[in-house]
Amino acid sequence: NNRLLVKLFNGNEFRVDENTHLKVISNNHLSILTGRIYISSDNSAGHHKLTVDTPLGQVNHIGTQYSISYMDKQLSVGVRDGLVLIKGDKITQSKLAKGRKMVLKTNGEVAYSQIKPYDSSWNWTQKISNGFSIQDRTLADYLNWVSSETGYPIKWQSESVRNKAEKIKLSGSIKGIMPADSLDVILPTTRFEHSLDHNQIYI
């Protein structure tokens, strides 16, 4: 009944959902016996190898944000951003690109579908975010972090608004506040306003 966030020295991190049975084989090799994890890599430093074994197949890391779950005897892989490679005797499609989801059952039945970056199935990851230290960071940096955590793209009213946001420095702390909820805390302290329109954060 707890969640865990693990940051690796090579820029990769993974979040473990509650009621997950996970085995760490090495610093770049994990095994899920049951449950769900969310993987995020720091692509600014390049992609680092990460392999995740499940009872129905193996997922190889290309990045940059994706989830893997094995529950109720079925494997589910969803890609929020980037690309992953999947291997398995019953898997017909080896590459899974951004916005795609695969569900594989033990009987070999496999289904592919679309998944949005702001789909509700990602919401649990915000509950164990590694946070964002806003002190002396720009409003634009903060909003980019919110976008990464929530999956909602930022829509600027104009280029001028974006340029102003890149110059405004923030102070304080949002520790303990979920990324989506922090907008209602931070934006009122600035001269900016926001709204969630058509699945995008409008500034």
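Biologist: Where does D141 sit?

Modeller: D141 has its place in helix α1; helices here are DSSP runs of H or I with at least four residues, strands are runs of E with at least two, and both are numbered from the N terminus. Bear in mind that this is a predicted model, where local features need pLDDT of at least 70 and side-chain atom pairs count only at pLDDT 80 or more, while totals for chains, interfaces and linings use all residues. Residues are numbered from 1 along each chain as its sequence is written, and side-chain values use heavy atoms, with hydrogens and water left out.

Biologist: Is D141 buried, exposed or partly exposed, and what is its relative accessible area?

Modeller: Buried means under 20% relative accessible area, exposed means over 50%, and partly exposed is in between, using a 1.4 Å probe and protein chains only. D141 comes out at 30%, so call it partly exposed. As for E166, 25 residues apart from D141 along the chain, the two C-alpha atoms are separated by 7.4 Å.

Biologist: How do I read a pair of aromatic rings?

Modeller: You describe it by the distance of the centres and the angle of the planes. Rings of Phe, Tyr and Trp (the six-membered ring for Trp) pair if their centres lie within 6.5 Å; planes under 30 degrees apart are stacked, over 60 edge-to-face, and the rest tilted. This structure holds five such pairs. One of them is Y38 with W122, edge-to-face at 5.8 Å centre to centre and 70 degrees between the planes.

Biologist: Which parts does the pair of Y38 and W122 tie together?

Modeller: Y38 lies in strand β4 (residues 29-41) and W122 in the loop between β10 (110-114) and α1 (139-150), so the contact links parts 84 residues apart in sequence. Both Y38 and W122 are buried.

Biologist: And what about Y142 and W145?

Modeller: Their ring centres are 6.3 Å apart with planes at 35 degrees, so that pair is tilted. Y142 and W145 are three residues apart in helix α1, about one helical turn, and both are buried. Together with F132, they form one aromatic cluster.

Biologist: On to the strands: how many bridges join β7 to β9?

Modeller: Two strands pair if DSSP finds at least two bridges between them. Five bridges join β7 (residues 74-87) to β9 (residues 100-105), and these strands run antiparallel. S76 stands opposite V103 in β9.

Biologist: What does β9 do with β10?

Modeller: Those two run antiparallel as well, joined by five bridges, with K101 opposite S113 in β10. Their hairpin has four residues between the strands, and G108 takes a positive phi near 95 degrees there.
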